[in-house]
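Subject: Structure handover

Hi,

Here is the structure I promised to pass on. Please open it and keep it beside this email as you read.

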Amino acid sequence: MKYISTRGQSPAIGFGDVLLTGLAPDGGLYVPEVWPPRLAELDVDRPYAEVAADVMAPFVDGSLTHAEVAAMAVDAYGTFEHPDVIPIVDLPGGAQLVELFHGPTLAFKDVAMQMLGRLFDAELARRSTTVTIVGATSGDTGSAAIEAFRGRENVRIVILHPHERTSAVQRRQMTTVDASNVRNVAIEGTFDDCQDLVKAMFADDVFRDEIRLGAVNSINWARIMAQVVYYRWAVGRVGRGEPVSVTVPTGNFGNVFAGRVAQRMGAAIGEFVVASNRNRILTQFFDDGAMTTNPVEPSLSPSMDIQVSSNLERLIFELLDGDGASVAELMSTFRADGHIELPAACRSRAEGWVGESVTDEQTIERMRRVHETSGVVLDPHTAVGVEAAERRAGDLPQVVMATAHPAKFPAAVEQATGIAPALPDRLADLFDRPEYYTVLPNDLSVVQQWIRDFPTAESRS
Ligand SMILES: *Cc1c(COP(=O)(O)O)cnc(C)c1O
């Protein structure tokens, strides 16, 4: 299996390189050169890890054997608390909820990250090398990455978060991890400052090579690949071969794009509902094929507060019929003007995609109503999805991707339902555990030096 860039200017490479590289040198995102054969006969009534191995094996072909990926999947999904790994829960009178949040950090990002940690370790061991992963987080990604990479031999991980600007649950999920290869840095600044520091580190060739900088952000193909699995799993179990409608609470478009890949590989998905909060750039895109950047507005579903969804480029590549030069041109126009419009001819290829935008008030109201009528407590991200699905209810059975555990967003849940959601047992003592992090100024050279000193930079607060 070879991968090509959505911008058409980088050579095709194998899975191991795609895994460690992330972004293509031409600025594009990697996609498979040819789609793997449709897995028409996939038996979804087996354990999740077995289904996962069958779905992922074609994508790692040439780098890992089916047996190797199967062993990793058993190990990765053994960290999930629910016996089904990803249970499917009936919302009375409504959709089926696909609960993606039973992993170590209670959000769907664990599904991909738990595989990614193991894939990185194996590939780095094969190459007898190590990397230092540096990432910025406003919440969910950082904790999922730390949990996935803690204790891994060939990886050190440094996560920057904005000092005193994340929720206490989110911060503690990162800072209470006591592992010699994990460091948390609280930057005196905003999330954007953290992200700019990471970008600047990647742009500094000398530093990048010196510490062998690595990234695990949401454009990494391996994360998409791991997410394809639960679309096959849920669509197969709910639809039994008949088409279903899939609603996905969306931010960077990684999750829902994995659904598109599953559809290509034979999952019977009749429609995608892309659910957004008040940041409605994607809603506009699916309404009229145009995209205009606007300032990000904070909402009750912070993991979807995004202005530009990086993984959308993979869908645009398909809509433009795999023409990398046109993708590159469109993306550079977008960067320069903050606005693009898709050519009319390729808009019709987006048939089967719709967008819905949900306000905070509607989110709260949906959480309240679902709790009142069914007793189910939704987190605000999932509630955006349930509201969007409700508006689109039609002939097809509906599934909604439930992306976070309600206890991760207790303030919104309490506002909507009046109850304070309890953390699962394994996190029940989260607020009693010691925290380990270092506060640093928003200063590139200070942060770089601190990372260079990693082995001795032990800091306990
Ligand atoms: C990351 C995240 C999302 C958005 O997922 P994308 O793949 O970026 O579209 C939605 N909900 C929760 C809880 C998340 O953590």
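This is a predicted model: local features need pLDDT of at least 70, side-chain atom pairs count only at pLDDT 80 or more; totals for chains, interfaces and linings use all residues.

Two packed helices are described by the angle between their axes and the distance between the axes. Start with helix H5, residues 140-149, and helix H6, residues 168-175. They pack at an angle of about 25°. Their axes are 8 Å apart. Angles under 35 degrees count as roughly parallel, so H5 is roughly parallel to H6. The crossing of these two helices is left-handed.

Which residues of H5 and H6 meet? From H5 come Asp 140, Gly 142, Ser 143 and Ile 146. From H6 come Gln 170, Gln 173 and Met 174. This contact between H5 and H6 has two nonpolar residues, four polar ones and one charged one.

**Two loop residues**

Most residues other than glycine have a negative phi. Now look at Val 85. Its phi is positive, about 65°, and it is not a glycine. Val 85 sits in the loop between helix H3 (66-77) and strand S3 (88-90).

Is Val 85 buried or exposed? Its relative accessibility is 8%. The cut-off for buried is under 20%, so Val 85 counts as buried.

Phe 253 is not a glycine either, and its phi is positive at about 75°. Find Phe 253 in the loop between strand S9 (244-249) and helix H10 (254-264). Phe 253 has a relative accessible area of 1%, so it is buried.

Best wishes

How values were computed. Residues are numbered from 1 along each chain as its sequence is written. Side-chain values use heavy atoms; hydrogens and water are left out. Axes are lines fitted to C-alpha atoms, for helices over the stretch in contact, and angles run from 0 to 180 degrees between N-to-C directions. Helices (H or I, at least four residues) and strands (E, at least two) are DSSP runs, numbered from the N terminus. Angles under 35 degrees count as roughly parallel, over 145 as roughly antiparallel, 65 to 115 as roughly perpendicular and the rest as oblique. A crossing is left-handed if the near helix is turned anticlockwise from the far one by less than a right angle, and right-handed if clockwise. Contact means heavy atoms within 4.5 Å. Ala, Val, Leu, Ile, Met, Phe, Trp, Tyr, Cys and Pro count as nonpolar, Asp, Glu, Lys and Arg as charged, and the others, Gly among them, as polar. Buried means under 20% relative accessible area, exposed over 50%, partly exposed in between (1.4 Å probe, protein chains only).
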